[in-house]
Each structure stands twice: as structure tokens, then as C-alpha cells.
Amino acid sequence: MTSAVQVKNLSVTYHGHTALENISFDASPQQLVGIIGPNGAGKSTLIKAMLGMVRKNHGEVTVFGKSISKVRKQIAYVPQRSMIDFDFPVLVEDVVLMGSYPHLKWWKRPGKNERKQALDSLTQVGMIDYRKRQIGELSGGQQQRVFLARALAQGGDILFLDEPFAGIDISSENIIIELLGKLRDEGKTIFVVHHDLSKVDKYFDSLMLLNKTLIGFGEKEKVFQPELVSRAYNGNIALLSDKDGKVVVTG
Ligand code: ADP
Ligand code: MG
């Protein structure tokens with residue numbers, strides 16, 4: 001099977017400090033992949049380096065066998081929410097409409113099709129009734145859903161979400177994870193940076209354990225193992241098994 005995303009020997013250095021070292025993996029399509037690791041592990045850097053938003057020292061990234069610069073339109077990215085400035089006065093529907101811009105020629109304004117796509121996406125995340133509200137008025141979970149709608153409006157086959165569940169309400173979290181599962185079933189490949197280990201087993205098909213180097217990658221059952229998790233978290237977290245599944249203990 002062709003891989004959806006292939007990364008070979010990716011390294012990133014910030015001012016002489018190594019953030020990622022020789023990361024290689026091969027992700028097959030139509031999966032929900034959790035990117036797991038402690039603070040500062042390089043999770044956000046990995047996504048940005050794959051998308052060409054930070055400079056790679058070396059490494060190669062291909063998407064469906066093509067160089068990433070050729071398939072940019074197929075990839076949607078939702079940054080970490082703390083990185084977005086919400087004081088900017090903009091309506092919810094316009095935030096989503098901007099998601100369709102990569103597909104438009106520079107001289108075109110979004111038209112009827114783009115508008116319909118934007119409203120459909122807002123319906124999918126349960127935010128259609130908020131379309132005329134300012135983005136800054138919404139709760140964190142509602143904002144996250146709007147940014148997911150924006151990514152959907154873009155219509156890519158590959159989705160990168162950086163900590164979409166951080167600091168949001170449980171009902172938004174449930175809406176988002178359910179929708180991501182549906183999108184995966186429809187064929188999308190979705191990478192989600194996540195650091196709540198208690199939900200990992202339930203949420204993802206595959207896992208990447210990251211801590212500057214790649215500690216593990218592959219099927220959840222193989223990667224979500226006490227020894228590997230402990231290594232990724234520098235021994236600060238223990239994963240125990242009981243009769244109901246895996247239990248996470250912070251040390
Ligand atoms: P994570 O998302 O897993 O918390 P990051 O990718 O944000 O980790 O950061 C990985 C490492 O790189 C950290 O040590 C962080 O301080 C450093 N880093 C991240 N972004 C920059 C930057 N723009 N300039 C310098 N160092 C950075
Ligand atoms: Mg991060």
C-alpha cells in the first residue's frame with residue numbers, strides 16, 4: 001500500500017539546540033494517529049517542519065509519494081490554540097471561509113460554492129448557529145470547533161491538529177473526536193498532537209511516541225506499552241494494566 005505520509009531522517013535545530021533528531025516514519029492512509037510526548041518533546045516542531053513552516057536541518061517529507069510543496073492544498077493544519085490571536089475582530093463564518101482561500105486563484109473572491117462549503121463545515125462541527133458571532137466571543141471549545149470547520153472547508157486529505165483538546169469543554173471534545181473518526185472512515189489521514197494519556201487508548205488507531213527522537217510509531221496496541229511510554233516521558237509516567245485496560249500513573 002502507498003503511504004500517506006512518509007518522513008525520512010528529519011532533524012530540526014533551533015539556534016544550535018536540537019529539537020528533533022533523525023525522525024523517520026511511514027504512515028499509511030486512513031488512520032487517526034496520536035502524536036504523544038511530554039512538553040518540549042518537539043511535537044509542534046514536527047508538524048511545522050513537515051509543513052515547511054520551520055527549517056529542517058535535513059530530512060525528506062513526502063505525501064502520497066510527492067514532495068510536500070506540490071500537495072500543500074491537500075493538507076489542512078489547525079495550530080495550537082494558544083498561538084492564535086483572538087482579539088482580531090472577525091466573524092465565525094469568515095474564519096471558516098478563509099479555509100477555502102488556498103483553492104482560489106488570487107484574483108477570485110470566495111463565491112457561492114465556497115460559502116456553501118463553509119456553512120456545511122460549520123454544521124458538521126455543530127457551530128452553524130454561531131456563524132455571525134465574533135470568534136473572540138466564543139469559548140475555547142467552540143473556537144476549536146470553528147478552526148476544525150475551517151480545515152474541513154479547505155477539503156484536504158491530510159489533517160494535522162495541534163493539541164485540539166487542550167483546555168476545552170468535554171462536549172466540544174466529544175464532538176471533535178467523533179467527527180475525526182467519521183472523517184477517518186471517509187478516507188482522511190489525521191494526525192493529532194495530544195498529551196492526555198488517559199484517552200489515548202480510546203481515541204487513536206496508531207500512535208507516535210516522541211521525545212526529541214522517535215520512541216515508537218505504529219499500531220496503538222504495539223506502541224502504547226509501559227516501557228515505551230515511560231521512556232518517552234523520561235520515567236515520569238508509568239502505564240499499568242488492570243482488568244479494565246491501561247491506567248496511567250504520574251510519578
Ligand atoms: P512540544 O510541542 O512537544 O511541546 P515544541 O515543538 O514546541 O514541543 O518544542 C520543542 C523544543 O524546541 C523545545 O525545547 C522548545 O523550547 C524549542 N522551540 C520550539 N520552538 C522554538 C523556536 N521558535 N525557537 C527556539 N526554540 C524553539
Ligand atoms: Mg506543542
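Q: Which elements have the lowest and the highest mean pLDDT?
A: Strand β12, residues 245-250, has the lowest mean, at 67. Strand β3, residues 32-36, has the highest, at 98. Where pLDDT is low, the predicted coordinates should not be read in detail.

Q: On to the metal. What coordinates the magnesium ion?
A: The magnesium ion is ligand 2, and its donors are OG of S44 and OE1 of Q80. The distances run from 2.1 to 2.6 Å.

Q: Where do S44 and Q80 lie?
A: S44 belongs to helix α1, residues 43-50. Q80 is in the loop between β6 (75-78) and α2 (92-97). The pair therefore ties together parts that are 36 residues apart in sequence.

Q: Is S44 buried or exposed?
A: S44 is buried, because its relative accessibility is 18% and the cut-off for buried is under 20%. Q80, at 22%, is partly exposed.

Q: Now ligand 1. Which residues are around it?
A: The shell holds Y14, H15, H17, A19, P38, N39, G40, A41, G42, K43, S44 and T45. By class, that is four nonpolar, seven polar and one charged.

Q: How far from the oxygen atoms of ligand 1 are the polar atoms of G42, K43 and T45?
A: For G42, a backbone N or O atom is 3.0 Å from a ligand 1 oxygen. For K43, a polar side-chain atom is 2.8 Å from one. For T45, a side-chain N or O atom is 2.5 Å from an oxygen of ligand 1.

Q: How much of ligand 1 does the protein cover?
A: On its own, ligand 1 has 560 Å² of accessible area, and the protein covers 62% of that.

Q: Which elements give two or more residues to that shell?
A: Those elements are β2 (17-27) and α1. Helix α1 gives the most, with three residues.

Q: Stay on α1. How many of its residues are buried?
A: Seven of the eight are buried, and α1 is mostly covered. The buried ones are K43, S44, T45, L46, I47, A49 and M50.

Q: What comes just after α1?
A: G52 does, with a positive phi of about 75°.

Q: Which residues other than glycine have a positive phi?
A: N9 and H15 are among them. N9 has a phi of about 50°, and phi of H15 is near 45°. Most residues other than glycine have a negative phi.

Q: Where do N9 and H15 lie?
A: N9 is in strand β1, residues 5-14. H15 is in the loop between β1 and β2.

Q: And how exposed are N9 and H15?
A: N9 is partly exposed, with a relative accessible area of 40%. H15 is exposed, at 84%. H15 is also one of the residues around ligand 1.

Q: Last one: where is K56?
A: K56 is in the loop between α1 and β4 (58-63). K56 is partly exposed, at 26% relative accessibility.

Note on methods: Residues are numbered from 1 along each chain as its sequence is written. Chains are lettered from A and ligands numbered from 1 in the order in which they are written. This is a predicted model: local features need pLDDT of at least 70, side-chain atom pairs count only at pLDDT 80 or more; totals for chains, interfaces and linings use all residues. Side-chain values use heavy atoms; hydrogens and water are left out. Donors are N, O and S atoms within 2.8 Å of the metal (3.2 Å for Na, K and Ca); water is not among the atoms, so sites may look incomplete. Helices (H or I, at least four residues) and strands (E, at least two) are DSSP runs, numbered from the N terminus. Buried means under 20% relative accessible area, exposed over 50%, partly exposed in between (1.4 Å probe, protein chains only). A residue is near a molecule or strand if one of its heavy atoms lies within 4 Å of it. A polar contact is a pair of N or O atoms within 3.5 Å; within protein, one must be able to donate a hydrogen and the other to accept it, and residues adjacent in sequence count only if both atoms are side-chain atoms. Accessible areas come from the Shrake-Rupley method with a 1.4 Å probe; for residues, only the protein chains shown count as cover. Ala, Val, Leu, Ile, Met, Phe, Trp, Tyr, Cys and Pro count as nonpolar, Asp, Glu, Lys and Arg as charged, and the others, Gly among them, as polar. pLDDT is the predictor's confidence in each residue, from 0 to 100.
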